[in-house]
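Thanks for coming. I will take you through one structure this morning, a few residues at a time. Please have a look at the sequence and the model before I start.

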Amino acid sequence: MQPVIRDVLAAVLNQCVKKNGKSKGFDLVHDYANVATMHCVCLVLGFPSEMAPKLKHWTEQVDHWFNNESVPLLERFENVQTTIDEFSQCTQALLDGGPRPGSVMEAMALMVAPSGVVPDQFFLEREDLIPNLLFLASANVGSFREATSSLVSNGLLALIDHPEQRDALESWLSSPEENSSEDESDAFDIDRAMDELLRFCSPVKRVTRIVLESIKFKGHVLEQGQTIHFHISDANIDPDLFSPDPTVLDLSRRNKFGTHMALGAGPHSCIGSILCKCVSVMAIINCLQQFPDLKLKMKRSEVTYAPSKTIKVL
């Protein structure tokens with residue numbers, strides 16, 4: 001899958017250059033990060049990349065109407081029915097033509113109960129296939145696209161803000177074998193460097209949980225049913241875990257794998273974390289290799305973030 005993702009990302013970046021010209025530059029968030037991650041979602045799910053705008057529109061419509069509690073449920077279903085019908089028709093055509101090998105669509109098609117077999121917990125009923133694909137598409141397009149796009153754009157911005165760290169990364173990219181060392185403590189470790197970038201950029205600001213059972217935690221009583229907000233981005237700058245200074249990006253930092261919570265941890269870690277890391281790392285490296293002198297065309301003070309409580313969006 002990695003070579004295919006790399007080709008998709010390269011095609012998106014080439015399109016940015018073709019559309020705007022290398023000297024004019026492009027919008028890092030809207031032209032590259034958002035588009036690249038959306039195309040990767042299509043690849044994984046089994047939709048053609050040219051369907052990315054449609055898939056984004058469909059899933060946004062479904063998310064909007066199903067979560068708009070101010071509108072009566074029946075009215076919500078009526079408003080979203082056209083979207084569901086369009087999605088169903090296009091998806092059925094793809095299924096009829098044979099799903100892309102290795103895609104989620106192919107895997108779910110294989111889960112449909114064969115003729116004469118009674119569906120159970122291991123099989124889907126044929127009429128449940130497309131609704132489940134729509135549910136997965138909505139979940140992936142929303143959370144995965146936002147988190148991955150955030151990591152790509154914020155990661156590149158962080159490297160622009162820390163030119164010495166970008167130089168170290170670009171030096172390794174130009175000749176990884178020459179910049180490696182037999183002494184592990186001196187070697188530039190690309191995996192740890194990207195893990196540090198993930199910790200520093202932390203695309204998810206916070207997650208919300210409901211207390212299932214009243215407990216006492218560090219002198220505070222958490223009541224059953226109470227809503228708790230966990231600020232992941234703050235946990236990732238804990239000086240007891242990340243030293244010497246967690247507010248500084250240091251690609252040579254030897255973080256212990258699994259200590260930061262950029263994509264959650266334990267049973268509640270992000271189900272798409274591996275794909276998110278894979279796509280974001282390749283997207284960042286691809287951009288740096290194409291544009292070694294990457295810089296902002298606006299003042300740093302003019303860079304702002306969207307008013308989101310959950311995702312760090314430029």
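A word on helices and strands to begin with: helices (H or I, at least four residues) and strands (E, at least two) are DSSP runs, numbered from the N terminus. Two notes on where the values come from. This is a predicted model, in which local features need pLDDT of at least 70 and side-chain atom pairs count only at pLDDT 80 or more, while totals for chains, interfaces and linings use all residues. Residues are numbered from 1 along each chain as its sequence is written, and side-chain values use heavy atoms, with hydrogens and water left out.

I start with Leu 134, which lies in helix 6. Is Leu 134 buried or exposed? Buried means under 20% relative accessible area, exposed over 50%, and partly exposed in between, with a 1.4 Å probe and protein chains only. Leu 134 has 8% relative accessibility, so it counts as buried. By contact I mean heavy atoms within 4.5 Å. Not counting residues up to four places away in sequence, Leu 134 touches Val 62, Ile 84 and Phe 87. Val 112 sits 22 residues from Leu 134 along the chain, and their C-alpha atoms are separated by 16 Å.

Phe 87 brings us to the core. A nonpolar core is a set of buried Ala, Val, Leu, Ile, Met, Phe, Trp, Tyr and Cys residues joined through side-chain atoms within 4.5 Å. The largest one here has 70 residues, and those touching the most other members are Tyr 32, Leu 55, Phe 87, Leu 156 and Leu 197. Helix 6, residues 129-161, gives this core its largest share, 13 residues. With residues up to four places away in sequence left out, the contacts of Phe 87 are Phe 47, Leu 55, Trp 58, Ile 130, Leu 133, Leu 134 and Ala 137.

Next is Thr 91, placed in helix 4, residues 73-97. Thr 91 has a relative accessible area of 0%, so it is buried.

Now a pair of helices. The axes of helix 7 (residues 163-174) and helix 10 (residues 273-290) come within 11 Å and cross at roughly 85 degrees. Axes are lines fitted to C-alpha atoms, for helices over the stretch in contact, and angles run from 0 to 180 degrees between N-to-C directions. Angles under 35 degrees count as roughly parallel, over 145 as roughly antiparallel, 65 to 115 as roughly perpendicular and the rest as oblique. Helix 7 and helix 10 are therefore roughly perpendicular to each other. Helix 7 contributes Arg 166, Leu 169, Glu 170 and Leu 173 to the contact, and helix 10 contributes Ile 285, Leu 288 and Gln 289.

Helix 10 also holds Met 282, which counts as buried because its relative accessibility is 12%. Met 282 and Gln 2 are 280 residues apart in sequence, yet 8.8 Å apart in space, C-alpha to C-alpha. Leaving aside neighbours within four places in sequence, Met 282 is in contact with Gln 2, Ile 5, Arg 6 and Leu 9.

I finish with the backbone. Most residues other than glycine have a negative phi, and most peptide bonds are trans. The bond from Ser 243 to Pro 244 is cis, with omega near 10 degrees, and Pro 244 is in the loop between helix 9 (232-235) and helix 10. Ser 202, not a glycine, has a positive phi of about 30 degrees; Lys 218, also not a glycine, has one near 50 degrees. Ser 202 counts as buried at 3% relative accessibility, whereas Lys 218 is exposed at 73% relative accessible area.
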